[in-house]
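Dear colleague,

Please find below the structure that I am handing over to you. My findings are set out after it, and I would be grateful if you could read them alongside the coordinates.

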Amino acid sequence: MTAIAIQPEKLRDLVAAALGDRARSVTLALGEVTVEVSAAQYLSAMELLKSHPDCRFEQLIDLCGVDYSTYAEVGRDGPRYAAVSHLLSVSLNQRVRVRVFCPDDDFPLVASVSEIWNAANWFEREAFDLFGIVFDGHNDLRRILTDYGFIGHPFRKDFPLSGHVEMRYDPEQRRVVYQPVTIEPREIIPRIIREENYGGLH
C-alpha cells in the first residue's frame with residue numbers, strides 16, 4: 001500500500017532521477033518542488049513528467065507567463081520571460097512546478113504542451129495575450145482576454161499603466177472608435193495627514 005502523500009524530499013529525488021539531464025535543476029523550497037528545464041528540453045521533459053511511472057502528472061493545473069525584467073533589482077540575471085506550469089498527479093497525490101525560460105527576449109518562444117495536456121490550450125493563449133510568449137505548435141494561438149485591435153501585452157512590466165489606446169462610442173459615426181489614451185496620469189502617492197486632531201481624531 002502506498003503512502004497517502006509523498007514526502008517533498010522524496011518527490012524531488014524521484015523527479016530528478018526521472019528527468020536526468022533534461023532538467024537544469026530540481027529544487028525544494030517551502031515544501032514545493034520546482035523543476036527548471038531549457039527550452040530545447042522542455043517538450044521531452046513534460047512528456048516524461050506525464051508518462052514516467054514515478055511521476056504520472058496527468059493534469060496540468062495552471063500555466064502562466066512571468067516577466068523577470070524588474071528582478072534585476074534583487075539579483076536576478078538572465079532571460080526576461082518564462083512559462084511556469086503547475087502539474088498534478090491524482091494517482092500519486094503529488095504536485096510539481098516546471099519553469100522554462102524563453103531564450104530570446106525579443107521573440108519569446110517555447111514549445112506548446114497543448115498536445116500533452118488539453119488544458120494548456122487556453123492557458124497558453126492567455127500567456128501569449130498578456131506576455132507575448134509564443135507557443136510553437138499551438139493550433140490556435142490568438143488573443144483570449146484583450147480586444148481584437150489591442151496593441152501590446154498588458155502584463156509586461158514595461159507596459160504603461162493607462163495603456164496605448166482607448167475606445168468610445170462616437171454618436172456621429174454611430175460606431176465604436178479607437179483613439180490615443182486621453183487619461184491624465186493620476187497621483188498614486190497616498191495622502192499623509194500630519195496635523196494633530198485632524199477631523200476630530202485623537
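The notes below go from the overall fold to the sheet, the helices and a few individual residues.

Please bear in mind that this is a predicted model. The chain has 202 residues, of which 35% count as buried. Its secondary structure consists of three helices and nine strands, and the elements follow one another from the N terminus as α-β-β-α-β-β-β-β-α-β-β-β. Among contacts in the chain with a separation of 6 or more, 48% are between residues 24 or more positions apart.

The sheet

Five of the strands make up an open sheet with mixed pairing, and their order is β1-β2-β5-β4-β3. From one strand to the next, the twist averages 20°. The partner of β1 is β2 (residues 32-37), and the two pair in the antiparallel sense over six bridges. Within this pairing, V26 has V35 in β2 as its bridge partner.

Which residues of helix α2 (residues 42-51) are buried? They are Y42, A45, M46, L48 and L49. These residues cover an arc of only 160° around the axis, which means that they lie on the same side of α2. The buried residues of α2 pack against α1 and against the strands β2, β3, β4 (81-89), β5 and β6 (109-111).

Two residues with positive phi

Most residues other than glycine have a negative phi. L30 is not a glycine, yet its phi is positive, at about 55°. L30 is located in the loop between β1 and β2, and the hairpin of these strands has two residues between them. With a relative accessibility of 87%, L30 is over the 50% cut-off and therefore counts as exposed.

R174 likewise is not a glycine and has a positive phi of about 55°. R174 sits in the loop between β8 (165-170) and β9 (175-180). Its relative accessibility is 66%, so R174 also counts as exposed.

A buried arginine

What is the nearest side chain of opposite charge to R125, and how far away is it? R125 belongs to helix α3 (residues 120-131). The nearest such side chain is that of D140, 4.2 Å away. R125 is buried yet has no salt bridge; the cut-off for a salt bridge is 4 Å between a side-chain nitrogen of Lys or Arg and a carboxyl oxygen of Asp or Glu. Leaving aside residues up to four places away in sequence, R125 touches H138, D140, L141, R142, R143 and I144.

With kind regards

Methods: Residues numbered from 1 in each chain as written. Predicted model: local features only at pLDDT ≥ 70, side-chain atom pairs only at ≥ 80, totals over all residues. Heavy atoms only, no water. Pairing = 2+ DSSP bridges. Helix = DSSP H or I, 4+ residues; strand = E, 2+ residues; numbered from the N terminus. Axes fitted to C-alpha atoms, helices over the stretch in contact; angles between N-to-C directions. Buried < 20%, exposed > 50% of the residue type's maximum accessible area, 1.4 Å probe, protein only. Lys, Arg positive; Asp, Glu negative; His and termini not counted. Contact = heavy atoms within 4.5 Å. Arc of directions from axis to C-beta.
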